[in-house]
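User: I have a structure open here and would like to go through it with you. May I start with the charged side chains and then move to the overall fold?

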Amino acid sequence: MARIIVVTSGKGGVGKTTSSAAIGLGLALKGHKVVLIDFDIGLRNLDLIMGCERRVVYDFVNVINGEATLNQALIKDKRVSSLSILPASQTRDKDALNKENVGKVLEELGKTYDYIICDSPAGIEAGAMMALYYADEAIVTTNPEVSSVRDSDRILGMLASRSRRAEQGLEPIKEHLLLTRYSPKRVEEGEMLSVEDVKDILSIPLLGVIPESQAVLKASNAGEPVILDTESDAGKAYQDVVDRLLGDTVEFRFLTAEKKGIFSRMFGG
Amino acid sequence: MALLDYFLRKKEKQVTTASKAKERLQIIVAHERNNRNKQPDYLPQLTEDILVVLRKYIHVSDESFSINLDNKDGDLNVLELNIELHDEPTSTD
């Protein structure tokens, strides 16, 4: 049985696609068969973050409408052969997806892949509901900032009431908190919610903390998921996330600011 | 100046913006969660009334009775009654 994982958040711009790309690639690098699905119909971007935007021929909606087969639409990653990407369409309307046809595609993919990662669009509209409906697990991507935390809580409510698992009275979706754009320095200065604060409010288990990092923009510029930047703090933090998803216990890193020397503290800088 | 700031900062234990954020979030999130699971005010009374009527005719224990008001897709409310009937015959006359 494939594990269906939705990467969701409610709020836009918090790092869903960056996280989907990094985690998907990381799982594939560990030898698992992974497919990444972009559910953001009309605003696809996963292809760009994965660096395969010029290889998109058919998309998710083409498959749904029977205009292409799954194999025609899936793009094999050039770096890792066990990873595929199913791009969203750029033009069709959001109503193309429904529970029945999405369910069929996921079932078909589940025969081949170990992990199905659903990159959710922002918001709580139909597209986001479709992305989370069939999920077994959810990675709730959150920035340490008031509007993001509040929206994450709304999404947690949706996971608990509007998913297939909720409707059929099955075991609930396993929720994971992924805190992104974390700045330990600002937390220490009392300007940013801490990991503990966000955990207290949302009360779901912590999967990872990704520090605010210049590496993320560089990675998206190049179309190389940041997990490939193994020297960077964000790349390492995503690697930890992948290891935790696979069941390892990994200590959390990058939670404290680099200590300033006493000299610079006294004289500023 | 940095030296002065360093000592001043230690003294004044002012409320940080992060703690304000946390406090505000805890209140709003609790409020919203409450609304999410909110049942209408009349539900407890309705439950009791239905049970009274049912018990005029059949034996219904509290465990074999459940009532649920569900909101499907935002625009459809479903009132769901679940009554388990036991084998024991109950005379009604």
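User: Is A:D47 buried or exposed?
Analyst: This is a predicted model, and in it A:D47 has a relative accessibility of 7%. The residue counts as buried because that value is under the 20% cut-off.

User: Which residue does A:D47 form a salt bridge with?
Analyst: The partner is A:R44, and the closest N and O atoms of the pair are 3.1 Å apart.

User: And A:R44, buried or exposed?
Analyst: A:R44 also falls under the 20% cut-off. Its relative accessibility is 17%, so A:R44 counts as buried.

User: Why would such side chains pair up in general?
Analyst: Side chains of opposite charge can pair when their charged atoms come close.

User: How many salt bridges are there over all chains?
Analyst: The search of the whole structure gives 17. One of the pairs is A:E108 with A:K111, at 3.4 Å from N to O. A:E108 is partly exposed at 40% relative accessible area, while A:K111 is exposed at 62%.

User: What about A:E191 and A:R186?
Analyst: Their side chains meet in a salt bridge with an N to O distance of 2.9 Å. A:E191 is partly exposed, with a relative accessible area of 41%. A:R186 is likewise partly exposed, at 41% relative accessibility.

User: Which residues are linked in a network of salt bridges?
Analyst: A:D77, A:R79 and A:E224 are linked in such a network.

User: Where do the mean positions of the positive and negative charges of chain A lie, how many Å apart?
Analyst: Chain A has 33 positive and 39 negative charges, and their mean positions are 2 Å apart.

User: Changing topic: what is the secondary structure of chain A?
Analyst: Chain A has 13 helices and eight strands.

User: What does the C-alpha trace span along its principal axes?
Analyst: The trace of chain A spans about 70 × 40 × 35 Å.

User: How many of the residues are buried, as a percentage?
Analyst: Buried residues account for 55% of the 269 in chain A. The accessible surface of the chain is about 12,200 Å², and carbon and sulfur atoms contribute 49% of that area.

User: And what share of the contacts comes from residues 24 or more positions apart?
Analyst: Among contacts in chain A with a separation of 6 or more, such residues account for 73%.

Key
Residues are numbered from 1 along each chain as its sequence is written. Chains are lettered from A and ligands numbered from 1 in the order in which they are written. This is a predicted model: local features need pLDDT of at least 70, side-chain atom pairs count only at pLDDT 80 or more; totals for chains, interfaces and linings use all residues. Side-chain values use heavy atoms; hydrogens and water are left out. Helices (H or I, at least four residues) and strands (E, at least two) are DSSP runs, numbered from the N terminus. Buried means under 20% relative accessible area, exposed over 50%, partly exposed in between (1.4 Å probe, protein chains only). Contact means heavy atoms within 4.5 Å. Accessible areas come from the Shrake-Rupley method with a 1.4 Å probe; for residues, only the protein chains shown count as cover. Lys and Arg count as positive and Asp and Glu as negative; His and the chain ends are not counted. The place of a charge is taken as NZ of Lys, CZ of Arg, CG of Asp or CD of Glu. A salt bridge is a side-chain nitrogen of Lys or Arg within 4 Å of a carboxyl oxygen of Asp or Glu.
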